[in-house]
Amino acid sequence: MTERIIPVADLRYLQAVPHIPQPLIPATGLLSDKLGRPLRDLRISVTDRCNFRCVYCMPKEVFDKDYQFLPHGLLLSFEEITRVAKIFIAHGVEKIRLTGGEPLLRKHIEKLIEMLASLTTLSGKPLDLTMTTNGSLLTKKAQSLKDAGLKRVTVSLDSLDDTTFKQMNDVDFPVSDVLEGIEAAHRVGLGPVKVNMVVKVRSSGAPSGVRSLASIATSSCRWRRSSGSPPVSRILRTPWATNSRASRVISSKLNSEDCGRNT
Ligand code: SF4
């Protein structure tokens with residue numbers, strides 16, 4: 001009688017799986033874009049959740065109570081994120097920015113920061129580790145983030161007017177709490193604090209809203225003093241106003257104030 005073999009696994013499937021060498025081949029070569037510019041910065045989103053419902057990003061009509069966010073089990077673990085970071089660093093990345101959603105909603109984020117802060121770049125320097133946050137939890141978390149090894153934060157702040165700010169975040173979150181968070185970040189040394197502002201004409205109060213944001217930065221100079229770089233560094237995603245128009249308002253404000261540019 002001939003022997004009958006019943007396979008417990010479909011070997012045809014096995015052949016389709018790409019071969020992953022063990023151990024991994026060490027990374028060689030730097031990453032660059034099509035123009036040959038080296039890629040040094042990597043953004044890592046640690047969660048798709050946010051406690052704000054900014055009208056231009058996560059409108060309530062879509063991101064309502066029934067919206068299916070990723071289940072926790074599908075998020076990269078801290079170990080997996082660190083492994084990915086190591087691979088990118090081996091290809092020349094020197095700066096990592098943690099984002100979300102709102103990254104401070106990810107539980108035990110300080111642990112991940114500790115793990116990433118222990119990595120060094122190809123030239124042996126510490127990694128430039130930063131975070132973009134909406135600032136709502138900064139007052140509570142600034143010190144522990146600093147202690148874990150975070151270098152700087154960028155805070156999203158769309159308006160200084162409380163009514164406008166609440167309209168923009170659409171969860172009634174007061175602007176004073178974000179400003180407190182910025183102060184806390186500055187106090188513990190998470191600086192220079194940068195501010196991202198989405199300008200919505202007729203909502204942000206632009207250009208006067210932009211001008212007042214530039215004013216608080218220039219009049220006190222507190223946020224820029226530590227580095228000399230402008231705190232109002234960038235304006236992201238301006239669907240209702242052009243970047244150049246907002247930039248002109250900020251530039252004229254920064255130029256018109258004697259803020260000790262080189263301090
Ligand atoms: S705080 Fe940021 S991530 Fe959250 S809804 Fe607003 S823009 Fe989106």
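**View A. Strand 3 beside strand 4.** Strand 3 (residues 128–133) and strand 4 (residues 152–156) run parallel and share four bridges. Here strands are DSSP runs of E with at least two residues, helices are runs of H or I with at least four, and both are numbered from the N terminus. Two strands count as paired if DSSP finds at least two bridges between them. Look for methionine 131, which sits opposite valine 153 of strand 4. This is a predicted model, where local features need pLDDT of at least 70 and side-chain atom pairs count only at pLDDT 80 or more, while totals for chains, interfaces and linings use all residues. Residues are numbered from 1 along each chain as its sequence is written.

View B. Five strands make an open sheet in the order 1-2-3-4-5, with parallel pairing. At the edges are strand 1 (41–45) and strand 5 (194–196), each pairing on one side only. From one strand to the next, the twist averages 25°.

**View C. Helix 4 against helix 6.** Helix 4 (residues 138–148) packs on helix 6 (residues 175–188) at about 20°, with the axes 8 Å apart. Axes are lines fitted to C-alpha atoms, for helices over the stretch in contact, and angles run from 0 to 180 degrees between N-to-C directions. That makes helix 4 and helix 6 roughly parallel (angles under 35 degrees). On the helix 4 side, the contacting residues include Leu138, Ala142 and Lys146; those of helix 6 include Asp177, Ile182 and Val188. Contact means C-beta atoms, placed from the backbone, within 7 Å.

Conventions:
Angles under 35 degrees count as roughly parallel, over 145 as roughly antiparallel, 65 to 115 as roughly perpendicular and the rest as oblique. Two residues are in contact if their C-beta atoms, placed from the backbone, lie within 7 Å.
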